[in-house]
Amino acid sequence: MKIIPAMDLLDGNCVRLYQGDFATAKIYTLDSLQLATQWQQQQVQACHIVDLNGAQLGSPQQLNLAVKIKQNTDLFVQLGGGMRDQQSIERALQQGIDRVVIGSLVINQPELMCSLLDRYGAGRFVLALDVRLQPEPMLVKNAWRETTNIGLWELLSRFSAYQGLQVLCTDIERDGSLLGPNVELYQQFIQRFPQFKLQASGGIGSLADCVNCKEVGVAAVIIGKALFENCFSYSQVVAECGLC
């Protein structure tokens, strides 16, 4: 299982939100490149960057900063936030971002998403599907401001032919809570779509949470607040879970 630290950027600062609420933003560091360099020194291999300004405004606002991190470290960078049109997505790929994280566009224009997958390959993208349980997992979009009437399983079935496709799934009620991920949801996911590589996020608060994700077959865990709050270190979770 891969361990991927998350860096949420708001006005260039590294912050964490609680359940996507911008009013809860807590600033952890003002220097994102310095943090990325520290991660590299700790043997971190990949990072997950969220452009919160981009998510809020609907178009990337901090691509230059993400590219700067990519150019000045050896980290594998996956970037999301505001990637809602083909031009923005292709610009990020052309400027060296390793993998683009796409959410609302997947829901709004699944045909375009399939076209991008066919053109660039499944390895260049992560489908970021955030859900609210009602009780079935229903998709939310536009920085979590809108709950759709589209079910997670329904949408995923449209991409079932793409073997090895990375899908990041977040139960938004767990996000920023440190209360543990929705392992039951991830079990269902893997049973229904074993051909995908599931990235888990939301609620990771302990080493045990990471172990639980690994045991059900999650391919990667995205860890944000738990690392910033020193619940455990990157080296501890690697020692506990290993990397593959």
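**Figure 1. Salt bridge between R174 and D171.** The side chains of R174 and D171 meet in a salt bridge, 3.9 Å from N to O. A salt bridge here is a side-chain nitrogen of Lys or Arg within 4 Å of a carboxyl oxygen of Asp or Glu. R174 is partly exposed, with a relative accessible area of 25%. D171 counts as buried, at 4% relative accessibility. Buried means under 20% relative accessible area, exposed over 50%, and partly exposed in between (1.4 Å probe, protein chains only). The model is predicted: local features need pLDDT of at least 70, side-chain atom pairs count only at pLDDT 80 or more, and totals for chains, interfaces and linings use all residues. Residues are numbered from 1 along each chain as its sequence is written, and side-chain values use heavy atoms, with hydrogens and water left out.

**Figure 2. Two further salt bridges, R16–D8 and E111–R158.** The structure holds eight salt bridges. R16 and D8 pair through their side chains at 2.9 Å, N to O. Both R16 and D8 are buried. In the other pair, the closest N and O atoms of E111 and R158 are 3.1 Å apart. E111 lies in helix α6 and R158 in the loop between α7 (152-156) and β10 (166-171), so this pair ties together parts that are 47 residues apart in sequence. Helices (H or I, at least four residues) and strands (E, at least two) are DSSP runs, numbered from the N terminus. E111 counts as exposed, at 52% relative accessibility. R158 counts as partly exposed, at 47%.

**Figure 3. The largest nonpolar core, with 71 residues.** M113, L152, F159 and I223 have the most contacts inside this core. Helix α6 (residues 110-120) gives the largest share of the core, five residues. A second, separate core has nine residues, including I4, A6, V101 and L168. A nonpolar core is a set of buried Ala, Val, Leu, Ile, Met, Phe, Trp, Tyr and Cys residues joined through side-chain atoms within 4.5 Å. In soluble globular proteins, nonpolar side chains tend to be buried together.

**Figure 4. Surroundings of L152 and V131.** Contact means heavy atoms within 4.5 Å. Not counting residues up to four places away in sequence, L152 touches L129, V131, P137, L139, C169, L185 and F189. V131 is found in strand β7 (residues 125-133). V131 is buried, with a relative accessible area of 0%. The C-alpha atoms of V131 and T147 are separated by 8.2 Å, while the two residues are 16 apart along the chain.

**Figure 5. G176 in the loop between β10 and α8 (183-192).** G176 is buried, with a relative accessible area of 9%. Leaving out residues up to four places away in sequence, G176 touches L17, Y18, G203 and K225. G176 and A226 are 50 residues apart in sequence, but 8.6 Å apart in space, C-alpha to C-alpha.

**Figure 6. Two cavities of 30 Å³ or more.** On a 1 Å grid over the protein atoms alone, a cavity is a set of points where a 1.4 Å probe fits but cannot get out; lining residues have an atom within 4 Å of a point. Grid points are joined across faces, edges and corners, and a volume is the space filled by probe spheres set on the points. The largest cavity holds about 750 Å³ of space. Its lining has 44 residues, and H48, V50, L52, D130 and W144 are the closest to its centre. This lining divides into 22 nonpolar, 15 polar and seven charged residues. Ala, Val, Leu, Ile, Met, Phe, Trp, Tyr, Cys and Pro count as nonpolar, Asp, Glu, Lys and Arg as charged, and the others, Gly among them, as polar. The second largest cavity holds about 40 Å³. K2, I3, I4, Q45, A46, Y234 and L243 line this second largest cavity. Strand β1 (residues 2-10) gives the largest share of its lining, three residues.

**Figure 7. The largest pocket, about 240 Å³ in volume.** A pocket is an open set of grid points with protein on both sides within 12 Å along at least five of seven lines. Of the 13 lining residues, W39, Q42, L227, F228 and N230 are the closest to the centre of the pocket. α1 (32-41), α10 (225-228) and α11 (234-241) each give two or more residues to the lining. α1 gives the most, with three residues. The lining divides into eight nonpolar, five polar and no charged residues.
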